[in-house]
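Student: I have just opened this one and would like to go through it with you. Could you start with a term I will need for the helices?

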Amino acid sequence: MSADLTVEVTEVFEEHRPVLDGVAYRMLGRVADAEDVVQEAWLRWSAVDHAQVREPRAYLVRITTRLAIDRLRQAQSRREAYVGSWLPEPLVTDLAPAPAARQQDGAERVMLAESVSMAVLVVLESLSPLERAVFVLREAFGFPYAEIAETLERGEPAVRQLAGRARRHVAERKPRFEVDPELQRDLTERFLKAATEGDVQGLVSVLAPDVRMVSDSADGAKAPRRVILGADKVSRFLAAVAPEGAQDPAFGFRLLELNGGPAALVTYEGRPDTVFSLDVADGLVQAVYVNRNPGKLAHLEGAGE
């Protein structure tokens, strides 16, 4: 391959990388797995006869999606044996539009933020790999059914059926989504302040009565293995465990945008220790996702500084 052609091939791939990254992460829920899939897509792209590729974007999405389906099928058996709750790996995002583009980009930002939110990714875990692929390609990226059918090597009627099942399933289980980023951030700040101060009433004031707390831990990290339900139980648990760390100077606390919304990152001696991601709707926290799995937090070192 000539130097000029190599540059052109690389530029085409990099042009479409954001879509490939987005598809792979929404399919797999793991940053490292998504990066591996996109890297494999690059290797295949660099080796193909580019003269035979009419639509590079469609070709690259097709490769990435198929690789992600294979990886997801392999991962599902491991997730079934996972001790406690399995949560997607937090993803650092920056979806806020520039001030001049804020109005016209508002709807797009909401769609992107919701499609990558922790709450939606948790629901997507309950779909089959094919249903998840159809949902991601159609709902998050707006691909036409005909193109999705070609990607999955299925007939278009079958793809439409998969889309319908996936859409109904997600609609039944998907939490409501707060579209006001300022309200999201305000509630996250109030939640973190109340939790670190052990303020039960302060926590209750920001939690929905039927709030759920879902925790993910591994490799010796301590966190509840069962879902905690109700504002009283969640607030009392957080108030009991958080203040001890808040008094230790080795711990640090900061807000950053994860999965399209404000989240609280707790560090210990500069290393990521815990992430609190909140599902906010109707002015209250509907769910608290607590990730203490070290393998899912290492990439957040330095984030938000």
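Tutor: Axes here are lines fitted to C-alpha atoms, for helices over the stretch in contact, and angles run from 0 to 180 degrees between N-to-C directions. Helices (H or I, at least four residues) and strands (E, at least two) are DSSP runs, numbered from the N terminus. This is a predicted model, in which local features need pLDDT of at least 70 and side-chain atom pairs count only at pLDDT 80 or more, while totals for chains, interfaces and linings use all residues. Residues are numbered from 1 along each chain as its sequence is written, and side-chain values use heavy atoms, with hydrogens and water left out.

Student: What is the mean pLDDT of the chain?

Tutor: The mean is 86, and 87% of the residues reach 70 or more, where pLDDT is the predictor's confidence in each residue, from 0 to 100. Over residues 96–104, however, the pLDDT is below 50, and beyond near neighbours in sequence this stretch has 4 contacts in the model, a contact being heavy atoms within 4.5 Å. Where pLDDT is low, the predicted coordinates should not be read in detail.

Student: OK, and at what angle do α6 and α8 pack?

Tutor: Helix α6 (residues 129–140) and helix α8 (residues 156–173) pack at about 85 degrees, and their axes are 8 Å apart. That makes α6 roughly perpendicular to α8, a label used for angles of 65 to 115 degrees.

Student: Which residues of α6 and α8 make the contact?

Tutor: Among them are Leu130, Val134 and Phe135 of α6, together with Val159, Leu162 and Val170 of α8. The residues of this contact divide into 8 nonpolar, no polar and 5 charged; Ala, Val, Leu, Ile, Met, Phe, Trp, Tyr, Cys and Pro count as nonpolar, Asp, Glu, Lys and Arg as charged, and the others, Gly among them, as polar.

Student: Now the sheet: in what order do the strands come?

Tutor: The 6 strands form an open sheet in the order β2-β1-β6-β5-β4-β3, with mixed pairing, where two strands pair if DSSP finds at least two bridges between them. The edge strands are β2 (228–229) and β3 (251–258), each of which pairs on one side only.

Student: And is β1 parallel or antiparallel to β6?

Tutor: β1 and β6 pair in the parallel sense over 6 bridges, and Leu207 has Val285 in β6 as its bridge partner. With β2, by contrast, β1 pairs in the antiparallel sense over 2 bridges.

Student: Why is β1 largely enclosed?

Tutor: Because 7 of its 10 residues are buried, β1 is largely enclosed by the rest of the structure; buried means under 20% relative accessible area, with a 1.4 Å probe and protein chains only.

Terms used. Buried < 20%, exposed > 50% of the residue type's maximum accessible area, 1.4 Å probe, protein only. Parallel < 35°, antiparallel > 145°, perpendicular 65-115°, else oblique.
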